[in-house]
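Colleague: I'd like to learn how to read the surroundings of a ligand. Could you walk me through it?
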Amino acid sequence: MDCIFCMIKDGKIPSAKVYEDEEILAFKDVNPQAPVHILVIPKEHIRSVDCINSDNSKIVAKIFEVIPKIAKLCDLTNGYRVISNCGEDACQSVKHLHFHILGGTKMADKMA
Ligand code: AMP
Ligand code: ZN
């Protein structure tokens with residue numbers, strides 16, 4: 001499958017990993033938009049938030065259990081933002097579900 005995040009998960013493309021378990025991988029965004037910019041992905045290929053359903057939503061719950069652990073690992077003690085771009089209007093560029101963790105600075109109060 002021609003999916004860059006599946007290739008990262010399979011070790012075919014290098015990444016700066018910050019967290020990994022059997023089902024989840026987190027790595028630094030190659031083009032950071034904040035001092036700390038981490039991407040959290042399920043190892044299972046899910047296309048976007050729009051494809052979350054009762055068959056695969058457990059992994060999303062697990063990702064949201066892991067996010068606070070990653071925030072601690074990255075020293076984001078003063079808060080952080082979690083974003084998932086979904087589809088064309090949101091400018092989703094990689095069609096593998098991912099959650100951006102952004103932090104390490106005071107961010108703009110507007111999101112769009
Ligand atoms: P989105 O626009 O929400 O789909 O986010 C995709 C993100 O993936 C962007 O922030 C890119 O900078 C990031 N990205 C693309 N390729 C890589 C890569 N090989 N390693 C790390 N991050 C990447
Ligand atoms: Zn994928």
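Modeller: Gladly! Let's begin with one term: a polar contact is a pair of N or O atoms within 3.5 Å. Please keep in mind that this is a predicted model.

Colleague: Thanks. How far is a backbone N or O atom of Cys91 from an oxygen atom of ligand 1?

Modeller: The distance is 3.3 Å, and on the Cys91 side the backbone supplies the atom. Side chains take part too: an N or O atom in the side chain of Asp29 is 2.5 Å from an oxygen atom of ligand 1. For Asn85, a polar side-chain atom lies 2.8 Å from an oxygen atom of the ligand.

Colleague: And how much of the accessible area of ligand 1 does the protein cover?

Modeller: On its own, ligand 1 has 510 Å² of accessible area, and the protein covers 85% of that.

Colleague: Now the neighbours. How many residues surround ligand 1, and which are the closest?

Modeller: A residue counts as near if one of its heavy atoms lies within 4 Å. Here 16 residues surround ligand 1, and the closest are Asp29, Asn85, Ser93, His98 and His100. By type, this shell divides into 8 nonpolar, 6 polar and 2 charged residues.

Colleague: Which element gives the largest share of that shell?

Modeller: That is α1, with 3 residues. Both α1 (4–9) and β2 (24–28) supply at least two residues each.

Colleague: Where does ligand 1 sit?

Modeller: Ligand 1 sits in the largest pocket. That pocket has a volume of about 720 Å³ and is lined by 31 residues. Asp29, Gln33, His37, Leu39 and His100 are the lining residues nearest its centre.

Colleague: What about the second largest pocket: how much space lies in it, and which residues line it?

Modeller: About 170 Å³ of space lies there. Its lining consists of Asn78, Gly79, Tyr80, Arg81, Gly104, Thr105, Lys106 and Met107. These divide into 2 nonpolar, 4 polar and 2 charged residues.

Notes
Residues are numbered from 1 along each chain as its sequence is written. Chains are lettered from A and ligands numbered from 1 in the order in which they are written. This is a predicted model: local features need pLDDT of at least 70, side-chain atom pairs count only at pLDDT 80 or more; totals for chains, interfaces and linings use all residues. Side-chain values use heavy atoms; hydrogens and water are left out. A polar contact is a pair of N or O atoms within 3.5 Å; within protein, one must be able to donate a hydrogen and the other to accept it, and residues adjacent in sequence count only if both atoms are side-chain atoms. Accessible areas come from the Shrake-Rupley method with a 1.4 Å probe; for residues, only the protein chains shown count as cover. On a 1 Å grid over the protein atoms alone, a cavity is a set of points where a 1.4 Å probe fits but cannot get out, and a pocket is an open set with protein on both sides within 12 Å along at least five of seven lines; lining residues have an atom within 4 Å of a point. A molecule sits in a cavity or pocket if more than half of its atoms lie within 2 Å of its grid points. Helices (H or I, at least four residues) and strands (E, at least two) are DSSP runs, numbered from the N terminus. Ala, Val, Leu, Ile, Met, Phe, Trp, Tyr, Cys and Pro count as nonpolar, Asp, Glu, Lys and Arg as charged, and the others, Gly among them, as polar. Grid points are joined across faces, edges and corners, and a volume is the space filled by probe spheres set on the points.
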